[in-house]
Amino acid sequence: MKVPGGILRQLTNLRSLPFLKVGNKTGPGIEELGCLNQLHDTLSIYGLENVGDGGEASKANLVEKKHIRKLILDWKPSRPSHNVENDDDVLEGLRPHSSLEFLEIQGFMGVKLPSWLLLAHNLKEIELLGCNKCEGVPVLGHLPNLSCVKIMRMENLTRIGSEFYGDDHVNCGNGSSKEPRPLFPALKTLHIEGAQNLIEWMEAPRERASVVFPCLEELTLIKCHKLTSAPSHFPSLKKLVIEWMDSGGMPIASILSNQLTTLTYLSFLGVKGLTCLPGGMLEKNKNLAHLDISQCSDLTCISPQSQGFEYCCASLSYLRIRICHYLRYLPDGLLTPSLKEMELYYCPNLQYIPDATHGGLTSLETLSLTLCCDITSIPFSQGLPALGKLHIDQCWELSSLPLVD
């Protein structure tokens, strides 16, 4: 809402102010929010680069606005370097009421995130977007209601250490109790993207916690090019997406550890260093329904053929493998009656597709093969009774097709 400077101070009973853009030399100042303690629901504050210091920021009196559930704090991302010196102080002064449920911080160029996050016990979602100068993640693991964390474009972040889990704060308010408590007890979605210099993601200090990430269902890592390590304990993980990682073999092996049995969705794009999925991963995750692997230049196999597993993908309904130049074969047991859609695109060294197991591909509706130059046959001996769409292009050696009813 664009309003003349001074007018907001007269609207002390105002209940709705979707956004305020702080003026530089003209327009409203941040202090004009000070008396508006009846504001409800969502408040977005833009132009925070025009706030001089923490003292000025605190005049917004956000800490008294107990009806605000969603708060967006936004700095202009492209600004002179001398205009970022007070960002830490300004953000510290914008402490909200503890009833806040959703927080988005955009374009913040300070080094350290605010200490008041430690007290945000009702927070359900937090998004940190374009906080390029931040050198560490905030302490979040102790927050009892936090269900979604999104971190994007935090370019100075090199390490996610034990501080992220908040184990030092998990027993706050419990007197002298030393009983281990869960870390991230309600977190369901964790998204980290554009942390281009992130190298290490440490395990949680398990000696102080009964369980870590007990409810986490979705984990997304995108453009974390340098990441070489990741935790191995995700007891409820259902969806894993990893894209554009230069040394992905090691963190993937950790995340897809032998302890993981709950995956239903797995997607890799542009992951270097991944030669094969960890042994036993497909057998243990019997509910895996979606498998998508694209542009993984070092991939030679999906799972070690020597394991001889059978019927390991009884729930798989979608299989897509694209631009994996060195992939030589698909493992036995990968193709089962549950499969509905299968695409193989530009896998020039793929030579072997196994026959379907346990009754054939009775549910397959879509089959697409493109630029798989070494495939000579598709050995689906029991036919494809449900097939409605068939696409085959530039598979020069292919000489036989399955029966289609």
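The legends below walk through a few close-up views of this predicted model.

Residues are numbered from 1 along each chain as its sequence is written. Because the model is predicted, local features need pLDDT of at least 70, side-chain atom pairs count only at pLDDT 80 or more, and totals for chains, interfaces and linings use all residues, while side-chain values use heavy atoms, with hydrogens and water left out.

**View 1. Arg69 and Glu101 form a salt bridge.** A salt bridge here is a side-chain nitrogen of Lys or Arg within 4 Å of a carboxyl oxygen of Asp or Glu, and the whole structure holds five of them. In this one, N and O are 4.0 Å apart. Arg69 sits in strand β3 (residues 68–74) and Glu101 in the loop between α2 (87–93) and β4 (102–106), so the contact ties together parts that are 32 residues apart in sequence. Helices (H or I, at least four residues) and strands (E, at least two) are DSSP runs, numbered from the N terminus. Arg69 is partly exposed at 31% relative accessibility, and Glu101 is partly exposed at 28%. For these labels, buried means under 20% relative accessible area, exposed means over 50%, and partly exposed lies in between (1.4 Å probe, protein chains only).

**View 2. Glu101 also meets Lys124 in a salt bridge.** The closest N and O atoms of this pair are 4.0 Å apart. Lys124 belongs to the loop between β4 and β5 (125–129), and Glu101 to the loop between α2 and β4, so parts 23 residues apart in sequence are tied together. Lys124 is partly exposed, with a relative accessible area of 38%.

**View 3. Glu343 and Arg322 form a salt bridge.** Here the N to O distance is 3.5 Å. Glu343 comes from strand β17 (residues 341–345) and Arg322 from strand β16 (residues 318–322), and the pair links distant parts of the chain, 21 residues apart. Glu343 counts as buried, at 19% relative accessibility.

**View 4. Strand β4 is covered on both faces.** Five of its five residues are buried. In a regular strand, side chains alternate between the two faces of the sheet. On one side of β4 lie Phe102, Glu104 and Gln106, and on the other Leu103 and Ile105.

**View 5. β4 pairs with β3 and with β5.** Strands count as paired if DSSP finds at least two bridges between them. The β3 and β4 pairing is parallel, over five bridges, and Leu71 has Leu103 in β4 as its bridge partner. β4 and β5 also run parallel over five bridges, with Gln106 opposite Leu129 in β5.
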